[in-house]
Amino acid sequence: MLLSMNWISDFVDLSGLDKLKLINQFSLSTAEVENEIFFKGSDIEGIVVAEIKSVEDHPESKKLHLLKVDAGDGQLTDVVCGAPNVRVGMKTAFAKVGAKIGEITIAPRPLAGYPSHGMCCSEKELGISDNHEGIMDITEDVPCGTSVKDIYQIDDIVFEVDNKSLTNRPDLWGHYGIAREFAALANRPLKPFEAVDLSAYNNLPKIDMKIEDPLCQRYSCLQVENITKTISPVNMRIRLFYCGMRGINLLADLTNYLMLEMGQPMHAFDSRKVEKLRIKRFDKPFTFKTLDGIDRNIDENTLMICNDNTPVAIAGIMGGLDSEIVDDTTTLTLESATFDAVSIRKSTVRLAHRTDASMRYEKCLDPEMTVLAIARFVKLLTDIDSGVKVVSSLTDEYVFRYDNIKIDFDKNFVDRYAGIEIPNDTILNTLKALGFEVKLDSDKFSVQVPSWRATKDVTMKADIIEEITRIYGYDNFDIHTAVAPLYPIRAAQEKTDEDRIKDILVKRFSLHETHSYIWAYFDEYRALGIEIENNIKLVNATNPNIETIRNSIVPTQLCQVKYNTGFSTDFGLFEIGRTVNGMKDGNLCDEHKKLSITLFSKTKSVETLYFELRDMLAVVADDIKHQALAFALTEATHSYEHPKNLNTILCDGKELGRIGIVHPTISKNIDKKAAIVFAEIDVRNFSEIKNASIRYQEPSKYPEMEIDVSFVSKKFAPIGDAIKNANCDLIKSVTVVDTYTDENGKSITVRMIFSHPERTLTKEEVMEIVDAIIANLESQGIMMKK
Amino acid sequence: MSEKTTTMKQEFLSKLASVSDMASLDALRVEYLGKNGLITGLLKEMKNLSVEEKKTFGQEVNILKTEATDAIAAKIEEMKAKEIKAEINSMPDIDISTPANLSRGSYHPITLVQRECEQIFKSMGFHIEDYSEIVTDYECFEALNIPKHHPARDMQDTYYLENGQLLKSHTSAAQNAIYKKYKDALINDGVPIKAIFPGRCFRNEATDANHENTFFQMEGVMVDKDISISNLIFFMKTMLSEVFKKDIKVRLRPGFFPFVEPGFELDINCLICGGEGCPSCKHSGWLELCPCGMIHPEVLKAGGIDPEEYTGFAFGLGLTRLVMMRYGVKDIRDLNSGSLKVLTQFTDDE
């Protein structure tokens, strides 16, 4: 919202004060002011009122005229002018030789062969409107040579406040409310509004008006006639223009002016079209032509202003074309009303049409303003057009009143909340300046919230704190640390585990951490051949590509693998992210935090890659939990899983997730030759596993004995089990040193290391253990290779 | 010395001088000093000599034996030294000027900046909390004093799910649960609530280089008796100076957020120009950084904390924004792209 310092100064005397400093203070205490401040009129100098004494056609040009003008300096000046509206006796704005308009300094120069000693200016050239159809027509009775800046408020400081920062301040949507803030900041009095006394018209007939819907809170109206003027005074038009509005005609300008001044939107109807004013909603949708000529679809939730059953305006948003003021309008009905803010906002969204009026109504305007706005309107109108006649009494229905808000607090509360001591006088003066009624009894304050702050903004003690402290100025605060007792802070296990998992995967295994979105990427899944599994969906996704929430990170990660195939021949990705796996506790999403790892390689065999991944997981489990992993073959249930070698990962009896190879269809879609393996584990389940901790063993001082034995076996597992079942503390480690396949099948060579803490082992006792293991395996049909 | 020993010594030394490898040296040793070697053989000739001669000759042979043994040992040392020298000479020159192989893993930049912030907060005694991404309307709005018809609830801003839950639109959605988690310790034992909760947030909006529907925030709260606006400003200044690793000036402006009262927009002096004014701060010298405020009494109440007795402050930091500021990331979408060209650059940064 653009604001004029001149306009603000109508209501508070700021003379002698640094305006820029005040604007900055306003930004820090009230609402955000945009960086650029406009110094209107500063680029114009030496423009005076001049009268055109003669007009002759230019002999060489159809458009140009040769003028003699009186600029009040006792002589006639020759000027060549191209404006179509020149006439003898007209007063206009004249830039004398030496005058400045923007970057240009006026100098004598010939135009099409005739000398010109100055320039007649349009309003646009003066920067006070966008009218460039002709030169300015000055109707004020002032002597030639008077500076235009002496008759018009061309010099002004205009600044813009970010509308977002006014969301909660309905009182700041007009200059008067802004002036109240400046008055409080500058510690100067706020002037009262000048308005007419509407009770003078109490004997006139009432308007036939009725609120038939509770969405209308208050409706005030008045009829006036005998308006003879159509053009607004220049100063009014300048202010409107500086504040971003175009001058239209006197009535439209006045309603806009009132809105920018008080924040109260108003509307003027042709009285013939609103003989029976009714405010209501309709049962059925229909279309309605607003005054901008657009047909709009109105539904049963939209509040309408009607003439009996004919809609004439969308309440709080825009008037209708059919009830607009037209040339032969003699009597007009002024509307000043308030409506339910939520309803206006919703209608605005439905209509996709936001107006200056609706923007204000959405903020919960103060219903106390409606009558004052009419009184002010009549005052301004009669000042401009003294023949205007009020022909109805004020007709006012006030059906919804906000509660009176009283707030009690004491000084101690303010000091405690602020953390600094603020004197009682400061509290008292600040609140009074902002329009609060305040009573102070020793240290106890009793405050009555003014109506313009009581519609939603100020309701409780904390709100009062804000009023006091913001005017006090946060820059003026003495700041100090909180004093709090000392207690240990324990880190959450899951968080610690997560950090350590990341460290192991990055530092030891050179994986890259990625983030992917929480939803299944419809297009990318389809391109890879990954099925989108049924899962909970977003109801308002703007894009079908992001509709279904993922139940696993693996597929989104495969999309990222695809994206990176050109990056390197070998890489691994991991992500710790969220998935939804079914519902819990009634109808809530069962959200899981998962770790997903994918390895991609064009140089290694799929088996090597699979083992690398298995070892990564084993290291993670061993390092963080000192636990071993176990695996159990399982059936593929997802489109991206290879049916073979898919294993459930177990740890300490708990199921953690799966490790597997990517299905060949998808794998080939990612890269024809690469091996791709994946694993996904549930981070919370992992975190809940007990840390088995380090079990220290004193190293034996006696020599170890190494025994290698080869078995013909497809898998290591039974061998490992047999060794484990031997339950012998002398076996210190078991490793696979070799595997090979010949005509007899697959052989696995196992190395067992034996040692005793207190003595040297004998070959006989070790062989006895080994023989028992061999016998156990042979009983299962697994033979030792001789 | 007898002629025999002298001749043998000369012969031995001349042979030794011509030996050039270990095998010949060993052969020479066996030839002279072995069980049946030439020097040992000399002793066998002693039986024909007188006692006196035996004594003299025996001594001579023994001296010769010692001399030969020492000479061989010296020759071995000499040959070993030669070998080492040859090995040194054969070592190729390594070209250390070739580029280093930096292949290694990488963290997501969010992890790096988040960890750094977490360290700062840990050092100030804050708990680090984790929270779900899918939350209820109550958690995200109702408990935060965001009434039913507040624009923040509009469909266009928040992603809603079929079951009425939603993707959390701000980390503040965790506030209620955190108050409930720690309120007993606060009320019964006087342990202040100090917690931060980093997390991923979602907004239903079109994406471009500056807008993402998925981004990270970090929220923090502190609740105790007598927490004040003055404490809040002090804390924010201290904390942000740590985050940016230099003394930061802060200024507060009123800002409206339903879950704080008073609420503020916090500006810091521009990091590029230091407050002088430059294009990056639009010549204002200030940079709008984060919202903060005193926790709204209704929000404390919803968390089971009596606002008459306790007060607190809350603040939000845009982690994604901090990442972009720190590393100069121009396109916010790069962070979720999974692109290794982007991500592999973010190795550890502590």
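How many residues of domain 2 of chain A are in contact with domain 3 of chain A? Six, and they meet seven residues of domain 3 of chain A; a contact here means that the C-beta atoms, placed from the backbone, lie within 7 Å.

## Ground rules

This is a predicted model, where local features need pLDDT of at least 70, side-chain atom pairs count only at pLDDT 80 or more, and totals for chains, interfaces and linings use all residues. Residues are numbered from 1 along each chain as its sequence is written, while chains are lettered from A and ligands numbered from 1 in the order in which they are written.

## Domains

Chain A comes with six entries in its domain assignment: domain 1 (2-38 + 158-186), domain 2 (43-154), domain 3 (198-398), domain 4 (406-476), domain 5 (493-688) and domain 6 (705-784). The bounds come from an automatic or database domain assignment. Back to the opening pair: the C-alpha centres of domains 2 and 3 of chain A are 39 Å apart. On the domain 2 side, the touching residues split into three nonpolar, two polar and one charged. For these classes, Ala, Val, Leu, Ile, Met, Phe, Trp, Tyr, Cys and Pro are nonpolar, Asp, Glu, Lys and Arg are charged, and the others, Gly among them, are polar.

Chain B has domain 1 (3-90) and domain 2 (109-343). Their C-alpha centres lie 90 Å apart.

## Where the chains meet

Between the chains, 70 residues of chain A are in contact with 65 residues of chain B. Elements of chain A that each supply at least two residues to that side include α2 (19-29), α11 (411-418), α13 (461-472), α14 (493-508) and β28 (570-584). Helices (H or I, at least four residues) and strands (E, at least two) are DSSP runs, numbered from the N terminus.

## Helices around α13(A)

Helix α12 (residues 424-433) of chain A packs on α13(A) at about 100°, axes 9 Å apart. Axes are lines fitted to C-alpha atoms, for helices over the stretch in contact, and angles run from 0 to 180 degrees between N-to-C directions. That makes the two helices, α12(A) and α13(A), roughly perpendicular (angles under 35 degrees count as roughly parallel, over 145 as roughly antiparallel, 65 to 115 as roughly perpendicular and the rest as oblique). Thr426(A), Ile427(A), Thr430(A) and Leu431(A) of α12(A) meet Glu467(A), Ile468(A), Ile471(A) and Tyr472(A) of α13(A). By class that contact is five nonpolar, two polar and one charged.

Helix α11(A) also packs on α13(A): their axes come within 10 Å and cross at roughly 70°, so this pair is roughly perpendicular too. Here Phe413(A), Val414(A), Tyr417(A) and Ala418(A) meet Lys461(A), Ile465(A), Ile468(A) and Thr469(A). The tally is six nonpolar, one polar and one charged.

Leaving out residues up to four places away in sequence, Ile47(A) touches residues including Phe94(A), Cys121(A) and Val148(A).

Pro311(A) sits in strand β19 (residues 310-314) of chain A. It is buried because it has 21 C-beta neighbours inside 10 Å (buried takes 20 or more other C-beta atoms within 10 Å, exposed 12 or fewer, partly exposed in between, with C-beta atoms placed from the backbone). Beyond four places in sequence, Pro311(A) touches Phe288(A), Met304(A), Cys306(A) and Gly320(A).

Conventions: Contact = placed C-beta atoms within 7 Å.
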